[in-house]
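The stops below go around the ligand.

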Amino acid sequence: MGSFLVCYGTGEGQTATVATRIAETLTERGHDVTSENADEIPSDLLVDDFDAVLVGASVHRGAHQPAIREFVRSNRDVLTSKPTAFFQVSLSSATETGRAQAAEYVDMFLEDTDWYPDRIGLFGGALRYSKYGFLKRLMMKQIARRTISEMSEADASGDVEFTDWVEVEAFAADVAAFVEGRLGVTSPAVSESELSE
Ligand SMILES: Cc1cc2nc3c(=O)[nH]c(=O)nc-3n(C[C@H](O)[C@H](O)[C@H](O)COP(=O)(O)O)c2cc1C
């Protein structure tokens, strides 16, 4: 089966959790998955050693993690030569009205890095008031009020998660199927479920 690299950037851990769920879905389909936080990539890791690469980042103040931008820029040529996917975690994706803004963040990132992945996933993030300091909490309440005004939970001071895990798993399965098609392999998990139908 295929070898996948999942490289992600994260602030309070939501994108790390999304990356873990994606890695689990790929592993269940029989693939080898290596998951790395962009801030801690081992110096001997070679992107070219993988059949496919997924890159994930969250949006903080309208931008993605600098380490992710750097990862994509410095591996752009090798990424362009492989099946790739990008996933983004943001509050904007948590509402209908924020979706255009979420798509704009992605467009800016792709233009900026000049990298155009085969698949793109946009997921709602989380408000982690319990992890924010005083100033960040104040700022996030303002951002939440502006971004997700139609959601009453946004006014709560407790943690709120907007990630749709079914969407995350569907995205991972779609990327896996795309890569399997490119590699000319069939996931044993998929053949078993087809046999039992
Ligand atoms: C300081 C800060 C700034 C943020 N700015 C934005 C923003 O500009 N647009 C947006 O859609 N979401 C914004 N968010 C929401 C995050 O994208 C969301 O909380 C996400 O779950 C963070 O994922 P992470 O924990 O992996 O970093 C911001 C969050 C924080 C903490």
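**Around the ligand**

Select α1 (14–28), β4 (84–90) and α5 (134–147): each supplies at least two residues of the shell around the ligand. Helices (H or I, at least four residues) and strands (E, at least two) are DSSP runs, numbered from the N terminus. This is a predicted model, where local features need pLDDT of at least 70, side-chain atom pairs count only at pLDDT 80 or more, and totals for chains, interfaces and linings use all residues. Residues are numbered from 1 along each chain as its sequence is written, and side-chain values use heavy atoms, with hydrogens and water left out.

Stay on α5, which gives the most to the shell, four residues.

Now show the whole shell. The ligand is surrounded by 23 residues (a heavy atom within 4 Å). Thr10, Gly11, Thr15, Ser92 and Ala126 are the closest.

Next, find the polar contacts (pairs of N or O atoms within 3.5 Å). At Gly11, a backbone N or O atom lies 2.6 Å from a ligand oxygen. At Gly62, a polar backbone atom is 2.9 Å from an oxygen atom of the ligand. At Leu91, a backbone N or O atom lies 3.3 Å from a ligand nitrogen.

Finish by coloring domain 1 (3–125 + 163–191) and domain 2 (128–161), with bounds from an automatic or database domain assignment. Each gives the shell at least three residues.

Key: A polar contact is a pair of N or O atoms within 3.5 Å; within protein, one must be able to donate a hydrogen and the other to accept it, and residues adjacent in sequence count only if both atoms are side-chain atoms.
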